[in-house]
Amino acid sequence: MAHAELEELAVKATGGDLAAVEELVVGFHDHLFAFLYLLGVRDADVDDVAQEVTVEIYRSLARYEPDQPFLPWMRAVARNVTSKHWRSKRRRREHMTRFRELVEERLEAGPVAEATEGFAVGALRTCMERLQQRQKRVLDLRYRDGMDSSRIAETLGMTSSGVRTVLARVRDALKSCVESARGAGAT
Amino acid sequence: MVTGEFRDLVEKCLEGSATAEEMERVEDAVASDPACAAWLDGAVTLDGHLRAATRDRSSFVLKFMERITHGTHRAAFAVRAVRRLRKERVGARRVRRRASGFVVALATAAVLLAAVYVGGAFDTPEQASTVAELTSVRGTVNVANGKDIRQIRRTALVRPGHRVVTEEDAEAILRYPDGSTLTLGERTALTLADRVTAKEMMLRKGTIVADVAPQPADAPMSITTTTAAMTVLGTKFTLSFDALMSPSLATRLEVESGRVDISTIGGTRSVTVATGQYAIAGSGFELEARPLKLDMTGFRLTFDEEFDDLSVTSRGPNGPGGSRWIAHTPYWGDYGEARFADPHPGYPFTTDHGMLRIQARRDERGTWSTGFLSSVDTKGRGFAQAYGYFECRMRLPGGKATWPAFWIKGGEELRRKDGPLRTVPVYVIAEHHGAEGNRIHTEWQVYTPEGPGPKMDVSHAVPDVTDDFHTYGCLVEPDRVSWYYDRTELRSVPAPDGNDEPKYILVNLAMGGGWPLDDDTPDPAHMFVDYVKVYALPDVE
């Protein structure tokens with residue numbers, strides 16, 4: 001969904017149009033989850049946090065300014081809710097690895113936020129459908145079933161490094177597919 | 001430089017299996033090499049979006065919508081929706097009287113509910129607050145009460161606050177003491193309101209067929225979805241709430257007998273849907289009551305292809321002295337993952353007892369080919385008609401990556417690589433992605449000299465496409481375009497620009513459409529077409 005559409009829906013939703021609220025949530029779902037993962041929210045918590053963010057956005061819609069870009073606003077709300085989540089759960093330190101800190105630094109500095117902003121979420125879903133069966137299977141095990149490369153390797157009878165190579169290739173293929181879709185005007 | 005080793009380390013970091021030392025190496029590489037830093041930014045962004053895209057978006061959205069439209073929010077919506085309906089239908093003075101009457105009714109119901117709740121301490125909970133009985137359960141049917149979920153084998157008593165959920169191929173009948181029944185189709189979720197009255201409910205997804213006994217005027221049955229609110233005083237109707245316009249949800253109401261008031265939630269429109277009518281409420285749809293069935297009185301047959309034999313050439317000419325169909329698109333270029341084959345005896349088209357078979361198959365080199373029919377050739381010779389009813393009776397192949405379609409297209413832009421000189425429309429009467437099961441797409445789009453113009457693609461759940469033959473039709477009138485499945489209207493829109501352009505017919509079994517062709521794709525795949533017919537409108541042509 002184009003960013004302008006999100007803004008238009010947010011304005012409609014402000015007026016109490018529930019169908020627009022629903023479309024808005026469908027439209028920002030992927031952006032929100034991707035952002036929460038980047039912030040380091042874990043799989044086990046991400047649904048609850050995302051629901052809280054979405055409720056908070058719904059409650060705050062009255063304050064949404066029509067000219068305001070929607071996604072940065074959504075991310076600000078998501079940051080606030082996520083901070084509260086960490087404060088209440090005291091979980092952050094437990095899983096804040098050095099790598100996650102590095103990602104957060106990149107996020108603060110801007111480049112990751114920029115890359116996320118411009119990411120064509122709709123195109124990614126289409127591109128995933130076009131993968132070969134084997135690539136899809138590896139991707140499913142990694143993301144849908146949350147397995148790491150050694151468990152995927154056990155399941156598929158491969159080596160861990162072989163699985164990681166396949167994953168890296170799948171990422172490359174998806175990246176170029178998404179970029180070409182964006183080049184063709186898809187969002 | 002982004003080495004294979006660096007990529008492997010990042011992969012390990014992303015999946016959480018990297019050691020502290022490995023993370024440090026990634027950190028060092030990112031700090032010292034901008035290429036590594038840029039690569040990492042792309043990798044973490046894609047990783048986040050991949051995780052997001054593999055989540056069940058519709059469950060999340062439904063859960064959220066239920067949250068904001070349930071409990072106090074939901075009751076307020078129901079009250080507002082009913083008030084709005086009444087307000088629009090009667091004068092301001094009567095509205096005040098009725099609204100206050102409604103508040104009294106609510107207050108009375110609340111008192112009754114409180115009495116029932118207190119009484120609950122003495123009776124068994126089932127006796128105290130049962131509102132309906134779940135009977136004739138087939139397949140997997142669950143009743144949920146908060147987090148407590150139990151599977152129902154035969155019958156169950158259902159109380160306020162319960163949610164009834166049917167799974168694939170399942171069905172259940174909810175029977176009320178007054179004789180009203182609600183039949184829940186497969187993959188349906190219905191929540192009974194947890195306050196005020198037993199006959200307030202929310203259809204979260206799926207289909208219900210309702211046969212409602214006459215209701216008291218001041219306490220009608222009320223059903224809401226996230227896009228519509230309905231008040232029912234006694235009638236037979238079918239209600240489905242579905243991803244009608246993917247990805248957003250819409251409510252479709254079909255009334256067999258009686259009347260149902262339907263109102264858009266949060267919007268301002270409401271209509272009464274009477275016997276033999278239907279309405280759709282959802283983003284992108286105009287809420288209006290329309291006839292459910294097509295009335296063919298006065299229509300005159302102008303094109304009759306029964307496929308007793310097939311007159312087809314590779315590229316024409318079509319028309320008098322030539323063939324009736326060509327086997328490629330008449331505009332610029334074919335499409336899909338399988339090439340459209342030049343016709344030869346026995347392939348890709350065969351006719352048998354008035355039935356056309358189009359075959360898609362893979363040859364020994366692994367190349368797919370299939371069949372395509374167009375009623376005009378590249379110079380526009382052949383059959384085209386501006387207005388009328390275009391219908392095809394067919395059985396579709398199903399299976400991954402099959403992509404059959406019956407569609408009509410304005411003919412002006414034939415063979416022009418740069419697009420049309422005038423605005424022309426395309427109406428996809430039925431397009432089927434085999435992997436989607438019993439769903440078909442209807443679509444309109446206009447092409448302007450400046451490029452592709454507005455469009456609207458709608459995905460409809462239908463009873464069947466692959467087991468039996470069904471008719472798929474499109475009624476093109478000067479001011480409206482309407483789509484039909486077995487002559488039941490699926491949807492209708494005001495005619496888009498360029499609607500007066502004569503339209504030619506396309507019937508094809510394309511392959512692909514977003515799905516890869518692989519070992520799960522049926523080989524060969526067959527599409528059967530019984531006939532293609534076009535009628536002129538009464539009194540117009």
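In the predicted model, B:Arg204 touches B:Leu62, B:Glu66, B:Arg163, B:Ala189, B:Thr191 and B:Phe241, with residues up to four places away in sequence left out of the count. B:Arg204 is found in strand β9 of chain B, which spans residues 200-212. The relative accessible area of B:Arg204 is 16%. This value is under the 20% cut-off, so B:Arg204 counts as buried.

Nonpolar packing was examined next. In soluble globular proteins, nonpolar side chains tend to be buried together. The largest nonpolar core here holds 64 residues. Within this core, A:Leu24, A:Phe28, A:Leu36, A:Phe70, A:Phe99 and B:Val26 touch the most other members. Helix α2 of chain A (residues 18-38) supplies the largest share, 14 residues. Contacts of A:Phe99 reach into chain B. They include B:Cys13, B:Leu14 and B:Met23. B:Val26, B:Leu40 and B:Val44 are also touched by A:Phe99. Another core, of 60 residues, lies apart from the largest one. Among its members are B:Phe307, B:Ile408, B:Ile429 and B:Val446.

The whole structure contains six cavities of 30 Å³ or more. The volume of the largest cavity is about 80 Å³. From chain A, its lining takes A:Ala168, A:Arg171, A:Asp172 and A:Lys175. From chain B come B:Glu11, B:Trp39, B:Gly42, B:Ala43 and B:Leu46. Two or more lining residues are given by each of α11 (160-183) of chain A and α3 (34-53) of chain B. By class, the lining of the largest cavity comprises four nonpolar, one polar and four charged residues.

Methods:
Residues are numbered from 1 along each chain as its sequence is written. Chains are lettered from A and ligands numbered from 1 in the order in which they are written. This is a predicted model: local features need pLDDT of at least 70, side-chain atom pairs count only at pLDDT 80 or more; totals for chains, interfaces and linings use all residues. Side-chain values use heavy atoms; hydrogens and water are left out. On a 1 Å grid over the protein atoms alone, a cavity is a set of points where a 1.4 Å probe fits but cannot get out, and a pocket is an open set with protein on both sides within 12 Å along at least five of seven lines; lining residues have an atom within 4 Å of a point. Grid points are joined across faces, edges and corners, and a volume is the space filled by probe spheres set on the points. Helices (H or I, at least four residues) and strands (E, at least two) are DSSP runs, numbered from the N terminus. Ala, Val, Leu, Ile, Met, Phe, Trp, Tyr, Cys and Pro count as nonpolar, Asp, Glu, Lys and Arg as charged, and the others, Gly among them, as polar. Buried means under 20% relative accessible area, exposed over 50%, partly exposed in between (1.4 Å probe, protein chains only). Contact means heavy atoms within 4.5 Å. A nonpolar core is a set of buried Ala, Val, Leu, Ile, Met, Phe, Trp, Tyr and Cys residues joined through side-chain atoms within 4.5 Å.
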